[in-house]
Amino acid sequence: MSDFRIEDGRVIFCPQGDIVASVADGLRARVRDLMQEHPGPLVMDLGQVELIDSVGIGLLIAVHNSLAKSGQRLALTKVNADLAGLLRTMRLDKHFSIETV
């Protein structure tokens with residue numbers, strides 16, 4: 001359950017629902033396919049995401065690491081305040097940008 005679009009040479013990936021263990025494998029495969037089909041910057045629009053568990057955090061870190069290998073950076077947009085607080089507490093804002101709603 002996700003959607004994507006291309007804007008200004010960037011892939012905007014929009015997961016539709018929480019990023020948790022039960023959907024992580026499917027999301028991981030989808031993101032990997034998108035990165036192969038459309039190399040370049042990746043933005044994850046988290047406007048429809050309310051919860052990210054530890055497996056979801058691991059997924060974000062893995063995506064970041066994959067992008068960093070090619071000189072790219074992960075950006076998160078439309079992040080709700082609770083998720084932004086969690087990501088900042090974990091100091092992940094030092095590795096990818098976080099734009100709140």
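Helices (H or I, at least four residues) and strands (E, at least two) are runs assigned by DSSP and numbered from the N terminus. Strand 4 (residues 74–79) contains Thr 77, and this report is built around that strand.

The structure is a predicted model, in which local features need pLDDT of at least 70, side-chain atom pairs count only at pLDDT 80 or more, and totals for chains, interfaces and linings use all residues. Residues are numbered from 1 along each chain as its sequence is written, and side-chain values use heavy atoms, with hydrogens and water left out.

**Confidence**

The predictor's confidence in each residue is given as pLDDT, from 0 to 100. For the protein chain the average pLDDT is 93, and 98% of the residues score at least 70. Among the elements of the chain, strand 4 has the highest mean pLDDT (97), while strand 1 (residues 2–7) has the lowest (88).

**Strand 4 and its residues**

A residue is called buried under 20% relative accessible area, exposed over 50%, and partly exposed in between (1.4 Å probe, protein chains only). Thr 77 counts as buried because its relative accessibility is 15%. Leu 76, also in strand 4, is buried too, with a relative accessible area of 1%.

Contact means heavy atoms within 4.5 Å. Neighbours within four places in sequence are left aside in both of the following lists. Thr 77 is in contact with Val 43, Met 44, Asp 45, Leu 46, Gly 47 and Glu 99. The contacts of Leu 76 are Met 44, Leu 46, Leu 60, Leu 87, Phe 96, Ser 97, Ile 98 and Glu 99.

**Pairing with strand 5**

Two strands pair if DSSP finds at least two bridges between them. Strand 4 and strand 5 (residues 97–100) are joined by three bridges and run parallel. Within this pair, Ala 75 stands opposite Ser 97 in strand 5. From strand 4 the chain passes through helix 3 (residues 81–89) to strand 5, and this β-α-β crossover is right-handed. Right-handed means that, with the strands pointing away from the viewer, the path from the first strand over the helix to the second runs clockwise.

**Salt bridges**

Side chains of opposite charge can pair when their charged atoms come close. A salt bridge is a side-chain nitrogen of Lys or Arg within 4 Å of a carboxyl oxygen of Asp or Glu.

| Glu 7 | Arg 5 | 2.6 Å |

Asp 45 is buried at 9% relative accessibility, whereas Lys 78 is partly exposed at 42%.

Asp 25 and Arg 28 both lie in helix 1 (residues 21–37), three residues apart, which is about one turn of the helix. Asp 25 is exposed, at 60%, and Arg 28 is partly exposed, at 31%.

Arg 5 is partly exposed, with a relative accessible area of 33%, and Glu 7 is partly exposed at 32%.
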